[in-house]
Amino acid sequence: MARCRALGTQRRCTWMSAPVFGRERASLSARKLRWWRPLATAALAGLAGLAAFEASAQRAAENVVRAVDDAFGASVGEEQIGLYSPGSVRGFSPTSAGNVRLEGLFIDRQAGFSSRLVASSTIRAGLTAQGYLLPAPTGIADFALRRVADTPTQSAILRLNEYAGYGVAIDLQGRFAEGLVETTGGVGFDRFEISDGTADVFANAGGTLRLQPGDRVDITLFGDYVGVLQEEISPRYFPAGPFAPPRVPRREFVGQPWVGFEGDRYNVGLIGKLEPQLVAIEFGVFRSSFDDNGQAGQFFVDVQPDSTGQRLAFLGPPSDAVSDSLEARVSRQFGGERHRHTLTLNVRARQRERRFGGGVEIDLGEGRVDVANFVPEPDLAFGEVSREQVEQITGGFSYDLRWRGVGQLNLGVQQTDYERVLEDPVNGPVTAEASPLLYNATGAVELRPWLVAYGGVVTGFEESPTAPAISLNRNEAPPAIETRQADGGLRARLGRLTAVAGVFTIEKPFFGLDSNRFFVQRGVVTNRGVELSLAGPITPQLQLVVGTLLLDATLTGDAVDEGQLSSNPIGVVRRSTTLDLDYRPAWARGWSFDVSVFSRGLENGDELDELRIPERTLVDLGFRRQLSLGARTLVVRGRVSNLFDTFGWDVSGNGAFQFQGPRTFTLSLRADF
């Protein structure tokens, strides 16, 4: 049985009897899987993508190393490289900040996109944000829809994922009515085996319908579904002092098998581009949602060097979120071939509703953190959920100048009106309102035909990070916050290579756990850094992408002044370096070989700056073999990750430790026909 007591808006339960089960454990996949939803969506996507069977190597030839010209972060298909990603840019997360764009348009995304819908992504920060309409301090994750190739392509993908995982996907394309109508559609299924022994199962389906009735009209409708059929929760480790957790066995599950959830994620919308006389109009209308049948988390706290600690689990009632968002722009261009001026009026709006909370924290007692000790799932009575409503509308104006042979200038101003209402079952409704005036000024100057200097200042109004599962106000998101950024640098064309050197400083509020384990603002953090990139073909056969980030973070505020926190925030990695090489030997047509090296420097491992997580370097090796079989193009892709089976710990900003996964091998077969 479980004994429970109230803890604010949460409840804490102590497990009174914990019999040890055998190594066999119940799987979340034994729960009733809601197959009809992904299958129905898959059928619709498949009908949308029916097309002619002419050859093109669109999917099979995807190669992110060959597609980029800097090391600041991009993805093509399901492969990603670079210093930054949608979850991490200059020490912050664009996704958590709400800085997601689809085809350059604002979307208040509550659920991730599948590969059936999007073809690639680009990180807009520093140089890549120059001239970008209304940039954001934390960076922008800009996704591109999958489009029909010049010759419509049908693709099939079979994958052997990490460890014992597997996947399959089909992508279809079609062009009809003399090119006035284009469709893409696909379905996929993946089982992912995780380095700690958990397993996740996903189904996805998505597609687009593009209408081009004239040269000046382009309308795209899309739908995207991801079914979380099984999500097992990985344990997180919290040491009792300024030391890393002891080494634990990898690929062995030591948590509780009943800690997990299932759910549905949807993204649907309409994107339009119109060019009537004198002006250009762009707009996007989106709905993004998730609906989970529960909330879950599991932790080992007060972990000792002898591998013992306190075992905690968390379960909660169903949670969901749905957001409607839009962006509309009207632009007017004027000027000659040498000087081009663009004036843009812009409106963004969103309305979001979310339910969360009401969960129960379960004390499973003390025990070893490196050995499985399974107990039955307790019968729990959940508390009332909290409800959040957010409404925001932003009006903006921007001016862009492109001066051939001289440079460019981009100026923007935005006025936003924001309101958030949190209905807490204990404290009642709490309202937060803000109306900040935001601005941005970025520019670039051509010093030489091969050398460009760039720089800018940007202010933003961004989402706060969501409280982690270990906190007592878990899943709560504080009101949006104001942020600031200044950056600058140089870009040089060195023969066939492009070099970039930049500096930046970003200031934003810092959130963390207080002494009572509540997630609150604890100061202001300033991230300063240097970012370096070199990319391009060394020879026609050898492609290079290499980058380094040197990061220094400083925390200020009462918690620092009172000695509760160090001025060096937890989880900051001082140096990150990536190197990617792709080699296509002339003596082996159809073959390519690639190597990726990721090296990270010291990481601050605790709140008082008494622990340093050691440096670590990981090496990956891969190959591609492209074959042509009549009208079909086949690519076999293999990759060994963490070649030397390196072990190490990573720590998040809330103090949770997670270990580096062991060596793994992946293999895929991609076919275009």
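Reply: Strand E35 (residues 616-629) and strand E36 run antiparallel and are joined by nine bridges; strands here are DSSP runs of E with at least two residues, numbered from the N terminus, and two strands pair if DSSP finds at least two bridges between them. Within this pairing, glutamine 626 lies opposite valine 635 of E36. The two strands make a hairpin with two residues between them, and glycine 630 in the turn has a positive phi of about 65°.

The model is predicted, so local features need pLDDT of at least 70 and side-chain atom pairs count only at pLDDT 80 or more, while totals for chains, interfaces and linings use all residues. Residues are numbered from 1 along each chain as its sequence is written, and side-chain values use heavy atoms, with hydrogens and water left out.

E36 also pairs with strand E39 (residues 664-672), again in the antiparallel sense and over nine bridges. In that pairing leucine 634 faces alanine 671 of E39. Strand E36 (residues 632-641) is largely enclosed by the rest of the structure because seven of its ten residues are buried, where buried means under 20% relative accessible area, exposed over 50% and partly exposed in between (1.4 Å probe, protein chains only).

Elsewhere, proline 235 occupies the loop between strand E13 (217-232) and strand E14 (236-239). Proline 235 is buried, with a relative accessible area of 6%.

Technical notes
Helix = DSSP H or I, 4+ residues; strand = E, 2+ residues; numbered from the N terminus.
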